[in-house]
Amino acid sequence: MEVAVYQHDARDSQVLPATSSDVVPTLAVDTKVCVRNRFLGDWTTGFKVAEVLRDGYRIRRQSDGHDFPDVFAFEDVRLERRQHPLREIGGSNLDRRH
């Protein structure tokens, strides 16, 4: 269970349970996203937002268009920010000089 801590004074702190309303959906349908792997905790690319729901997102796999029936929590989905290899690095898939 996640908790939110509100500290008014160094000697006095209040701990309240976090609610799902603390996270606001910001990704639109068809946005390319990364999804957190529930077992390993790392992020995987190759997905899009299929549907935005009250409790999270439904996700679509880009490779075959499969929509997953599970609802993914807002904090387990983030905007995909692919880093393209630099042209100056030999062996890079964008380096056409070699």
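Modeller: Residues 24 or more positions apart account for 28% of the chain's contacts with a separation of 6 or more; contact here means heavy atoms within 4.5 Å. This is a predicted model, in which local features need pLDDT of at least 70 and side-chain atom pairs count only at pLDDT 80 or more, while totals for chains, interfaces and linings use all residues. Residues are numbered from 1 along each chain as its sequence is written, and side-chain values use heavy atoms, with hydrogens and water left out.

Colleague: How many helices and strands are there in the chain, and what makes a run count as one or the other?

Modeller: There are six strands and zero helices, giving the pattern β-β-β-β-β-β along the sequence. Both kinds are DSSP runs numbered from the N terminus: helices are H or I with at least four residues, strands are E with at least two.

Colleague: How do you know that S3 and S4 pair?

Modeller: The rule asks for at least two bridges found by DSSP between two strands. S3 and S4, which run antiparallel, are joined by four bridges, so by that rule they pair. Arg-36 faces Trp-43 in S4, and Val-33 faces Phe-47 in S4. The two strands form a hairpin with six residues between them, and Gly-41 in that turn has a positive phi of about 85°.

Colleague: Why is Ala-50 called buried?

Modeller: The cut-off for buried is under 20% relative accessible area, with exposed over 50% and partly exposed in between (1.4 Å probe, protein chains only). Ala-50, in strand S4, has a relative accessible area of 16%, so it is buried. Leaving aside neighbours within four places in sequence, Ala-50 is in contact with Val-29, Arg-58, Ile-59, Arg-60 and Asp-67. Ala-50 and Arg-60 are ten residues apart in sequence, with their C-alpha atoms 5.4 Å apart in space.

Colleague: And what makes Thr-31 count as buried?

Modeller: Thr-31 has 18% relative accessibility, so it counts as buried too. Thr-31 sits in the loop between strand S2 (12–17) and S3. Not counting residues up to four places away, Thr-31 touches Phe-47, Lys-48, Val-49 and Leu-79. Over the whole chain of 98 residues, buried ones make up 19%.

Colleague: Why is the pair of Tyr-57 and Phe-74 called edge-to-face?

Modeller: A pair of aromatic rings is described by the distance of the centres and the angle of the planes. Rings of Phe, Tyr and Trp (its six-membered ring) pair if their centres lie within 6.5 Å; planes under 30 degrees apart are stacked, over 60 edge-to-face, and the rest tilted. By this rule the count comes to three aromatic pairs. For Tyr-57 and Phe-74 the centres are 5.1 Å apart and the planes 90° apart, which is edge-to-face. Tyr-57 lies in strand S5 (residues 57–61) and Phe-74 in the loop between S5 and S6, so the pair ties together parts 17 residues apart in sequence. Tyr-57 is buried at 2% relative accessible area, and Phe-74 is buried at 8%.

Colleague: Which residues form the aromatic cluster?

Modeller: Phe-47, Phe-68 and Phe-72 form one cluster.

Colleague: What makes something a pocket, and what is the volume of the largest pocket?

Modeller: On a 1 Å grid over the protein atoms alone, a pocket is an open set of points with protein on both sides within 12 Å along at least five of seven lines, and lining residues have an atom within 4 Å of a point. The largest pocket has a volume of about 210 Å³, and a volume is the space filled by probe spheres set on points joined across faces, edges and corners. Its lining includes Phe-47, Phe-68 and Phe-72. Strand S3 (32–36) and strand S4 (43–52) are the elements that give two or more residues to that lining.

Note on methods:
On a 1 Å grid over the protein atoms alone, a cavity is a set of points where a 1.4 Å probe fits but cannot get out, and a pocket is an open set with protein on both sides within 12 Å along at least five of seven lines; lining residues have an atom within 4 Å of a point.
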